[in-house]
Amino acid sequence: MSLKYAILGLLAGGPKHGYAIGRDLRRLLSGLWPVNRGQVYATLGRLASDQLVAIVPQPSAHAGGARARTLRPFTVLPAGRRALRRWLDRPVDRALPRSTLADQLVLHSWANQRDAIAHLLAAQRERCSAMHRLLEAGEHGDDRDLVARAARRHLEAELAWLTAAEQVFVGPERVDPTGD
């Protein structure tokens, strides 16, 4: 996900200060892609210089003291809303994925290394299963989990692909059909 458009999307719901944007991004992305505070503020700075967002004017420079000055809320400007709308309306390019794992499997296969293939597939299955369990444990059951659910579905597809690869490269006698 583009941090620029994620921030514009969050601000489309109303003004937020940088800390709240960072917090909402961490919750939205469910820890799948780390976003640090520096990235958020650097992106806000670029969006402001591109006149896509602006700092919400405060009634008084002294109101609320130093903390009020550090928690400056940002708002999305009309140009930012248009940029977000163009990005949201654009179809996503779905290139065929390149897989290092598939490359490794083919090379092991050419070298007739069935045990190495079985080990590689088992390690990948464990990695995917662990990530899948982690994502399931963190779900809240609402729209905040859309990114986590998408990642979980990709992991489920990879686990199914691993089962198919095991049947091709290792043979059905060594495949656990439950995926565990």
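Predicted model: local features only at pLDDT ≥ 70, side-chain atom pairs only at ≥ 80, totals over all residues.
Me: OK. How does the lining of the second largest pocket divide?
Reply: Six of its residues are nonpolar, four are polar and three are charged.

Me: Which residues lie nearest the centre of that pocket?
Reply: Pro-97, Arg-98, Ser-99, His-154 and Glu-158. The whole lining has 13 residues. Two elements give two or more residues to it: helix H6 (100-110) and helix H8 (146-169).

Me: Which element gives the largest share of the lining?
Reply: H8, with four residues.

Me: And how much space lies in the second largest pocket?
Reply: About 430 Å³.

Me: Staying with H8, is Glu-166 buried or exposed?
Reply: Glu-166 sits in helix H8. Its relative accessibility is 9%, so Glu-166 counts as buried.

Me: How far is Glu-166 from Leu-121 in space?
Reply: 7.1 Å, C-alpha to C-alpha. In sequence the two are 45 residues apart.

Me: New topic. How many aromatic pairs does a search of the whole structure find?
Reply: One. The partners are Tyr-5 and Trp-87, with ring centres 4.7 Å apart and planes at 5°, so the pair is stacked. The cut-off for stacked is planes under 30 degrees apart.

Me: Which helices hold Tyr-5 and Trp-87?
Reply: Tyr-5 is in helix H1 (residues 3-12), and Trp-87 is in helix H5 (residues 78-89). The pair therefore ties together parts that are 82 residues apart in sequence.

Me: What is the relative accessibility of Tyr-5?
Reply: 17%, so Tyr-5 counts as buried. Trp-87 has a relative accessible area of 26% and is partly exposed.

Me: On to packing. Which residues have the most contacts inside the largest nonpolar core?
Reply: Ile-7, Leu-8, Leu-11, Ile-21, Leu-25, Val-40 and Leu-44. That core has 21 residues. The elements giving two or more residues to it are H1, helix H2 (18-28), helix H3 (37-49), strand S3 (73-76) and H5.

Me: Which element gives the most to this core?
Reply: H1, with seven residues.

Me: What is Leu-44 in contact with, leaving aside its neighbours within four places in sequence?
Reply: Ile-7, Leu-11, Gly-18, Ile-21, Val-53 and Phe-74.

Me: What does the second core include?
Reply: Among its 15 residues are Ala-118, Cys-128, Ala-148 and Leu-159. This core is separate.

How values were computed:
Residues numbered from 1 in each chain as written. Heavy atoms only, no water. 1 Å grid on protein atoms, 1.4 Å probe; cavity = no way out; pocket = protein on both sides within 12 Å on 5 of 7 lines; lining within 4 Å. Points joined across faces, edges and corners; volume = space filled by probe spheres on them. Nonpolar A, V, L, I, M, F, W, Y, C, P; charged D, E, K, R; others polar. Phe/Tyr/Trp six-rings, centres within 6.5 Å; stacked < 30°, edge-to-face > 60°. Buried < 20%, exposed > 50% of the residue type's maximum accessible area, 1.4 Å probe, protein only. Core = buried A, V, L, I, M, F, W, Y, C linked by side-chain atoms within 4.5 Å. Contact = heavy atoms within 4.5 Å.
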